[in-house]
Amino acid sequence: MFNPRQIYTLLLWLLLPYVFFHLLWRARKQREYLQHIDERFGRYSAHSDKPIIWLHTVSVGETRAAVSLVERLRENYPHHQLLLTHTTPTGRAASEQLYGGDVLRVYLPYDYPFAVKRFLQHFRPRIGVLMETEIWFNLIHSCHTMQIPLLLLNARLSEKSAARYARYPNLTRLGLNELSAISAQSEVDATRMTGLGSNNVSVMGNLKFDIQPPSTMLELGTQLRTQFGKDRKIFLLASTRTGEEILLLSMLKQVDIPHLLTVIVPRHPQRFDDIADILTQQNIRFQRRSENVPIAPDTQVVLGDSMGEMFAYYAACDLTFIGGSLLPFGGQNLIEACAVGKPVFIGPHTYNFAQASQLAVECGAAVRIQNASDLAQSLQNLLAHPEQLTKIGQAGLHFVRTHRGATEQALRHITYFLDNRLQ
């Protein structure tokens, strides 16, 4: 009789042809998906003679959220090598931009037993940390079998994801309880984890609150503001997703704000050219950030086609809308904008950042809108009352300061398991 994990593995094998199709499909717009394919099956050239601390940060958001934790691990364990694994090329690129050659970076293998075994045998990490919502059952089991402590930190679990895992109760319960520890972002996340059968969940808060705006990005933001035009009002559409840009551009036609400049930064870099096509089709005068030239007075939109500059965009704007929330994508991180003291609009769909979004609205750091027309009216009203903009921005700074501390909690978990293993 097959156990739940064996059935899961069998399904993975049946999906193997799709894995290659998926890589080819994603490579149509992002050629990097065809690089390092061997790593996705557990074959690596990177290595280190130092003992390894391994963190899995899937993509850009998780990689940036880990900055404060990476810095503390460097300080506390200078004789160890940090290994960051990723799933997406953008996550890998963000890691390189943030940490350079100070860390090893590779792709986490697909969750086939042979691949995860190769990964673990090659790097032999002293401890592993999965960030946010990364539950890979064969990886977890292999770490458990090889007595490698594996922690799920900064864990979050939306209602939608919890319902999906609940369809496979035996497999999910087995996987969660083979983790060495789980520490969730909120009580709600912890309750959902417990409801799925985990018996080792604590609450640590959200690492994203601990991120500090880099001084280099703030300086770049000042330069961008000069390029954009110091006398213009700057409205940032941050981390927008497919379909949102058309709605937002239509919304902007409803507002009457002289010399308004809109900056659009899509969530995924492979969509830069798609947005340029939309702007061209709508006869909207735009310039690309990558041109790095002053913005002409008659330019209506700047296309933010650059990587790793989101803090600079926040610093340069007057207020921002956080994408992924106008349509049901679950929202994106609003904490970085609040950390720079900028007023934030969010849409109705923020289930990926439910607690942070709700807390921000409750304390006056963010304004929730229901649709594009609602956003147009709110934008018009706020830009007509600069004192209100200042009040919301200050509330954002206070909001971030009062929720810091997750890094210390994460470090406490890692230190406990790592130091016990070193003894």
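Leaving aside neighbours within four places in sequence, which residues is Arg-64 in contact with? They are Leu-98, Ile-211, Met-310, Phe-311 and Glu-336, where contact means heavy atoms within 4.5 Å. This is a predicted model, in which local features need pLDDT of at least 70 and side-chain atom pairs count only at pLDDT 80 or more, while totals for chains, interfaces and linings use all residues. Residues are numbered from 1 along each chain as its sequence is written, and side-chain values use heavy atoms, with hydrogens and water left out.

**Arg-64 and its setting**

- Arg-64 belongs to helix α3 (residues 60–65); helices (H or I, at least four residues) and strands (E, at least two) are DSSP runs, numbered from the N terminus.
- With a relative accessible area of 17%, Arg-64 is buried; buried means under 20% relative accessible area, exposed over 50%, and partly exposed in between (1.4 Å probe, protein chains only).

**Helices α1 and α9**

- Two packed helices are described by the angle between their axes and the distance between the axes.
- The axes of helix α1 (residues 4–14) and helix α9 (residues 169–178) come within 9 Å and cross at roughly 105 degrees. Axes are lines fitted to C-alpha atoms, for helices over the stretch in contact, and angles run from 0 to 180 degrees between N-to-C directions.
- Helices α1 and α9 are therefore roughly perpendicular to each other. Angles under 35 degrees count as roughly parallel, over 145 as roughly antiparallel, 65 to 115 as roughly perpendicular and the rest as oblique.
- On the α1 side, Pro-4, Arg-5 and Tyr-8 meet Asn-170, Leu-171 and Leu-174 of α9.
- The residues of this contact of α1 with α9 comprise four nonpolar, one polar and one charged. Ala, Val, Leu, Ile, Met, Phe, Trp, Tyr, Cys and Pro count as nonpolar, Asp, Glu, Lys and Arg as charged, and the others, Gly among them, as polar.

**The faces of helix α8**

- In helix α8 (residues 159–166), the buried residues are Ser-161, Ala-162 and Tyr-165.
- Seen down the axis of α8, these buried residues fall within an arc of 100 degrees, so they line one face of the helix; the arc is that of the directions from the helix axis to the C-beta atoms.
- The buried residues of α8 pack against α7 (137–145), α9 and α10 (187–195).
- Glu-159 and Lys-160, on the other side of α8, are exposed.

**Salt bridges**

- Side chains of opposite charge can pair when their charged atoms come close.
- The count comes to 14 salt bridges, a salt bridge being a side-chain nitrogen of Lys or Arg within 4 Å of a carboxyl oxygen of Asp or Glu.
- Arg-72 forms one with Glu-75, their closest N and O atoms being 3.4 Å apart. Both residues lie in helix α4 (residues 67–76), three residues apart, about one turn of the helix.
- Arg-72 is partly exposed at 22% relative accessible area, whereas Glu-75 is exposed at 54%.
- A network of salt bridges links Arg-72, Glu-75 and Glu-408.
- Asp-318 and Arg-225 also meet in a salt bridge (3.2 Å, N to O). This pair links distant parts of the chain, 93 residues apart: Asp-318 is in the loop between α14 (310–316) and β12 (319–322), and Arg-225 is in helix α11 (residues 215–228).
- Arg-225 counts as buried, at 18% relative accessibility.
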